[in-house]
Amino acid sequence: MTRRFLFVLGSARPDGNTELLARRAAEQLPPDVEQRWIDLAAHPVPDFADLRHDSDHRRPTEGNQAVLLDATLAATDVVIASPLYWYSVSAHTKRYLDHWSGWLRTPGLDFKATMAGRTLWGVTALAHEEPEVADPLVGTLNNSAAYLGMRFGGVLLGNGSKPGDVLRDTEALARAKTFFAQDTPLARFPYEAA
């Protein structure tokens with residue numbers, strides 16, 4: 001299967017540090033790898049309504065939800081590029097991930113089976129010196145991948161607060177050069193790792 005990367009940009013500002021770092025990593029992908037970039041600020045989705053006990057979910061056929069669903073299903077690799085906001089993913093990103101719950105319950109979609117074996121990646125910029133503060137974000141992505149039977153490529157961390165700061169993080173830029181070339185094991189919940 002030809003690899004198709006979907007970059008889901010979850011920042012509240014365009015050309016932020018997270019996006020800059022994600023683009024540096026994407027530059028290293030082979031030219032035959034398809035890349036699609038979707039900015040969640042430009043493609044907002046409504047808050048997720050949990051209808052699992054009230055009614056069946058319907059497949060969105062138009063608007064931003066349909067665009068995001070179709071792009072997600074078409075991707076072999078989904079890259080969540082979300083800045084670290086309050087130690088986790090941004091509100092835009094969380095809203096997108098929340099819609100996965102509806103897609104899991106949409107008749108005929110087989111979202112879980114379709115996503116199984118594909119790879120979830122993360123890219124984030126944080127304004128904190130200690131990378132451990134991003135553990136909740138990493139856990140959110142790892143556990144989401146584990147639930148769906150996906151592979152998890154980890155999270156590329158960079159440091160930056162003001163626009164462009166991440167381009168001075170030489171260690172992050174060096175990691176970006178090989179980030180998408182690494183092995184991606186099947187994701188496991190923390191209680192499964194022994």
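Predicted model: local features only at pLDDT ≥ 70, side-chain atom pairs only at ≥ 80, totals over all residues.

Tutor: Residues are numbered from 1 along each chain as its sequence is written, and side-chain values use heavy atoms, with hydrogens and water left out.

Student: In what order do the five strands form the open sheet?

Tutor: Helices (H or I, at least four residues) and strands (E, at least two) are DSSP runs, numbered from the N terminus. Two strands pair if DSSP finds at least two bridges between them. The pairing in this open sheet is parallel, and the order of its strands is 2-1-3-4-5.

Student: Which are the edge strands?

Tutor: An edge strand here pairs on one side only. The two that do so are strand 2 (34-39) and strand 5 (151-159).

Student: Which residue of strand 4 stands opposite V78?

Tutor: Strand 3 pairs with strand 1 (residues 4-9) in the parallel sense over five bridges, and there V78 is the bridge partner of L6. Five bridges also join strand 3 to strand 4 (residues 119-126), again running parallel. In strand 4, the residue opposite V78 is L120.

Student: How many residues of strand 3 are buried?

Tutor: Buried means under 20% relative accessible area, exposed over 50%, and partly exposed in between (1.4 Å probe, protein chains only). In a regular strand, side chains alternate between the two faces of the sheet. Both faces of strand 3 are covered, with D77, V79 and A81 buried on one side and V78 and I80 on the other. Strand 3 (residues 77-81) is therefore largely enclosed by the rest of the structure, its buried residues numbering five of the five.

Student: What is the bridge partner of A125 in strand 5?

Tutor: Strand 4 and strand 5 run parallel and are joined by seven bridges. Within strand 5, the partner of A125 is G158.

Student: What angle does the direction of helix 1 make with that of strand 4?

Tutor: Axes are lines fitted to C-alpha atoms, for helices over the stretch in contact, and angles run from 0 to 180 degrees between N-to-C directions. Contact means heavy atoms within 4.5 Å. Helix 1 (residues 17-26) packs on the sheet and touches strand 1, strand 2, strand 3, strand 4 and strand 5; its angle with strand 4 is about 135°.

Student: What span does helix 5 reach from its first C-alpha to its last?

Tutor: Helix 5 (residues 135-148) lies across strand 3, strand 4 and strand 5. The expected span of a helix is 1.5 Å times one less than its number of residues. With 14 residues, helix 5 is close to the expected 20 Å, reaching 20 Å.

Student: Which residues of helix 5 are buried?

Tutor: The buried residues of helix 5 pack against strand 3, helix 3, helix 4 (111-115), strand 4 and strand 5. They are L137, L141, N142, A145, A146 and L148.

Student: What is the phi of D15?

Tutor: Most residues other than glycine have a negative phi. D15 lies in the loop between strand 1 and helix 1 and is exposed, with a relative accessible area of 53%. Although D15 is not a glycine, its phi is positive, at about 55°.

Student: Is W86 buried or exposed?

Tutor: W86 lies in the loop between strand 3 and helix 3 (91-104). Phi of W86 is positive, near 50°, in a residue other than glycine. At a relative accessibility of 79%, W86 counts as exposed.

Student: Which residues have the most contacts inside the largest nonpolar core?

Tutor: A nonpolar core is a set of buried Ala, Val, Leu, Ile, Met, Phe, Trp, Tyr and Cys residues joined through side-chain atoms within 4.5 Å. The largest has 36 residues, and helix 5 gives the most to this core, with five residues. L120 touches residues including V78, I80, W100 and L141, not counting those up to four places away in sequence. The residues with the most contacts inside this core are Y96 and L120.
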